[in-house]
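Thanks for coming. I will take one structure and go through how its parts sit together. Please look at the picture first.

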Amino acid sequence: MMFGSKKRKQNLDNLMAQLRPDLSRESLGVGPEFPGVAPNPLLSGAARRRNAELRTGALALGVIVDWREVSSDGSPRVLLMLDVETADGISFRGIADEDLTITALTRLAPGQTMPVRYRPAVMDHYVTLAKDADPTLVQQLADEIANRRRG
C-alpha cells in the first residue's frame, strides 16, 4: 500500500481544476472517471505509459469539438476535445494531449475529422492523434462508420 497516493492524486486534480478551470472535467465534457490532465506529462510515469499504449491503440475517428492551449513553451501543448466514433460503433468524448507545431495549431478547426488511437480495454477518454495511420485504413474506417449510420 502506498501511503497517501490516492489523496495526493485527488489534491493534484483539484489543484489543476482550481488553477485552470478550463481544464476541469466539466469544462472538457468528460465524466468523473476521467483521470485528469497531467501538469507535465513528461514528468509523470503514468502519462508516459499511457502515451506509449495509445501509440499502439485501436484506430477511430475523432471530430474536433474544441481545444485548449495548456502551454506555449517551445511547441504549443494543446488539449483537443474530440467526439470519437470507433469501428465497433462506440461513441465517446476523447481528450488528446498533444504537442503541435504553430502551423498545425493554426489549422485546427471545430468539425474537422482526424484519425485517433484509443485503448479499448481502458476507455478513459484519452486518445492520441494517429499521425502515422495508413490513409487507406482511415478511409475504410470512415466508410464503415458512414455505412453503419445509413444502415
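Predicted model: local features only at pLDDT ≥ 70, side-chain atom pairs only at ≥ 80, totals over all residues.

**From one threonine to the barrel**

Is Thr86 buried or exposed? Its relative accessibility is 0%, and the cut-off for buried is under 20%, so Thr86 counts as buried. What is Thr86 in contact with, once its neighbours within four places in sequence are left aside? The partners are Ala60, Phe92, Tyr118, Ile145 and Arg148.

Now the strand around that residue. Strand 2 covers residues 77-86 and runs antiparallel to strand 1, residues 58-71, with 10 bridges joining the two. One example is Asp66, whose bridge partner in strand 2 is Met81. Helix 5, residues 135-150, packs on the sheet and touches strand 1, strand 2 and strand 4. The direction of helix 5 makes about 100° with that of strand 1.

Next, the sheet as a whole. In what order do the 5 strands close into a barrel? The order is 1-2-3-5-4, and the pairing is mixed. On average, neighbouring strands of this sheet are turned by 50° against each other, direction ignored.

On to helix 3. This helix spans residues 45-55, and its buried residues are Ala47, Arg50 and Leu54. Why are these on the same side of helix 3? Because they cover an arc of only 65° around the axis. The face of helix 3 turned away from the buried side carries Arg49 and Arg55, which are exposed.

What covers the buried residues of helix 3? The cover includes strand 4, at 113-118, and strand 5, at 126-129. Helix 3 lies across both of these strands, at about 60° to strand 5.

Last, empty space. Rolling a probe the size of a water molecule over the atoms shows where such space is left. The structure holds 1 cavity of 30 Å³ or more, and the largest cavity has a volume of about 40 Å³. Which residues line the largest cavity? They are Arg50, Asn51, Leu54, Asp97, Glu98, Tyr126, Val127 and Thr128. Helix 3, strand 3 and strand 5 are the elements that give two or more residues to that lining.

Notes. Residues numbered from 1 in each chain as written. Heavy atoms only, no water. Buried < 20%, exposed > 50% of the residue type's maximum accessible area, 1.4 Å probe, protein only. Helix = DSSP H or I, 4+ residues; strand = E, 2+ residues; numbered from the N terminus. Arc of directions from axis to C-beta. Contact = heavy atoms within 4.5 Å. Pairing = 2+ DSSP bridges. Axes fitted to C-alpha atoms, helices over the stretch in contact; angles between N-to-C directions. 1 Å grid on protein atoms, 1.4 Å probe; cavity = no way out; pocket = protein on both sides within 12 Å on 5 of 7 lines; lining within 4 Å. Points joined across faces, edges and corners; volume = space filled by probe spheres on them.
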